[in-house]
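Student: Hi! Could we go through some charged side-chain pairs together?
Tutor: Happy to, let's bring up the model.
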Protein chains: 2
Amino acid sequence: MKNKPIGVFDSGVGGLTVFDALARACPSESLVYFGDTGRSPYGVRSKRVIVEYSRQIAGFLQTQGCKFLVVACNSASSLALEEVRASAAVDVIGVIEPGAAAAVRATKSGHVGVIGTEATIRSESYTKAIHAIQPDIRISAVACPLFVALAEEGFSGKPATQLVAEEYLAPLIEAGVDTLVLGCTHYPLLKSDIASVMGPSVELIDSATEVARVVRDSLVTRNHHSESKAVAEHVFYVSDTPERFARVGKRFLGYQVAPVHLVDMEVLHGAVESTEPRR
Amino acid sequence: MKNKPIGVFDSGVGGLTVFDALARACPSESLVYFGDTGRSPYGVRSKRVIVEYSRQIAGFLQTQGCKFLVVACNSASSLALEEVRASAAVDVIGVIEPGAAAAVRATKSGHVGVIGTEATIRSESYTKAIHAIQPDIRISAVACPLFVALAEEGFSGKPATQLVAEEYLAPLIEAGVDTLVLGCTHYPLLKSDIASVMGPSVELIDSATEVARVVRDSLVTRNHHSESKAVAEHVFYVSDTPERFARVGKRFLGYQVAPVHLVDMEVLHGAVESTEPRR
């Protein structure tokens, strides 16, 4: 068990921000990353479809021998975490609770902003997670659907991104939040654009480092952490366009991701059956 | 046969521009529209995946009794038309050839611009189709990946869209095209933004009306056109989020689309088997 890999999955390339934080926090853990590039983005989809896709991927990662699963996608963490947990034979964590905990620690005024995809904001997952820790925190949440495309297309730092950010974030500035949760794994790529609109007095919370810390602690607590002295090996799977994943992934991480393997959609459809019979 | 419906499909909501043109050009034809909203957009995907999805949808539309199929998605028309034709038992047309024909008729200088998704531009489908008609036409083609998101999020007429359009279209202005093919069904929603950047001397080609004319002529030629005096009935199917489809669809058409039915992904996976056994 101890030397088996950790599985990390996302709707596409965005979860690489979590992958990177994990690789730094747990350098002796091998990681298997899955990006659902044949069906991304998840942020515009329904709970029903996000649950279906997430369970398929969790099934696939278990067939790859993963000892632990990280749902590195805010939309999937918001809408499918319970269902993935219910069908998985290994521990599963998402990105919402760690991000919520970091926001609660950071806020001084008790007024937190949350930005994310339509699916994440509609689910109110951050509001619930923050209120579970501290019920009297005020929360202002806004969906920023164009941010994913702007991040993927390399529009950080461009005037168009500044204009879009000003429009989306105006209600949060108006509301006077002192902390802003970047509730989508793509948004750290637009961190400087978002920071320049929000101003220096607002702290931005990127849940990736927090997630990595929780995973590391959780593995140690359960005595499931790697004891290998060998260099950890990472492998990447996608459901489409491995070359685009590698290209955009390099924009995310600043280094090359490899090897990237293609997984046939039929394999994913079959993967759910490995943990639970289909209806 | 004559009173059976015409099937129209797209990766999502964009093909409604073609649906609308067809409904106007062929008022006695019933239409069955399918939007693959659980797996859109197609413009970033590979040929392999676009072929797989398109064949499933073509199979589904045939189970709905369609007498004729219109691939109202430029990415699918560019990359999957032959494969859909090969597996379909009815006639199939795409949007590339009608758009190419309209561009050839429109250009006076013999220099045509084409804009579309990454998948459409990479396929060079418009270049091939235009050169099949008139080999000496010069073509300048540019992918505009952010346009789909801007159109769907209602950003037409906003300054951010103007900035993005200026950046994408600069090489086409530089090249001096006199005709510009809007090679993605979403782009007519940004027509005024694109026109203001290109200037009044450039003619914009929206293939929807041209496609509708070709479909009508083709049905009449084969004596497959409807002879019903009753009002045509239209029905819409989607693979996810019917309420979002209805909301964004209204932005496209200016009127309500209904009824919108949800099709389970497993039904789509099974639909290919109805026309051809799976590997």
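Student: Which residue does A:Asp217 form a salt bridge with?
Tutor: In this predicted model, the partner of A:Asp217 is A:Arg213, and their closest N and O atoms are 3.1 Å apart.
Student: Where do A:Asp217 and A:Arg213 sit?
Tutor: They are in helix α10 (residues 207-221) of chain A, and because they are four residues apart there, about one helical turn separates them.
Student: Is A:Asp217 buried, exposed or partly exposed?
Tutor: A:Asp217 is partly exposed, with 33% relative accessibility. A:Arg213 is also partly exposed, at 34%.
Student: Okay, chain B now. What does B:Arg24 pair with?
Tutor: B:Arg24 makes a salt bridge with B:Asp20, with 3.0 Å between the closest N and O atoms. Both residues belong to helix α1 (residues 16-25) of chain B and are four residues apart, about one turn of the helix.
Student: And is B:Asp20 buried or exposed?
Tutor: B:Asp20 counts as buried, at 15% relative accessibility, whereas B:Arg24 is exposed at 60%.
Student: What about A:Asp264, what does its side chain meet?
Tutor: A:Asp264 meets B:Arg48 in a salt bridge, 3.5 Å from N to O. This pair crosses between chains: A:Asp264 is in the loop between β10 (260-262) and α12 (265-271) of chain A, and B:Arg48 is in helix α2 (residues 47-63) of chain B.
Student: Last one: how many salt bridges are there over all chains?
Tutor: The count is 32.

Notes. Residues numbered from 1 in each chain as written. Chains lettered and ligands numbered in written order. Predicted model: local features only at pLDDT ≥ 70, side-chain atom pairs only at ≥ 80, totals over all residues. Heavy atoms only, no water. Salt bridge = Lys/Arg side-chain N within 4 Å of Asp/Glu carboxyl O. Helix = DSSP H or I, 4+ residues; strand = E, 2+ residues; numbered from the N terminus. Buried < 20%, exposed > 50% of the residue type's maximum accessible area, 1.4 Å probe, protein only.
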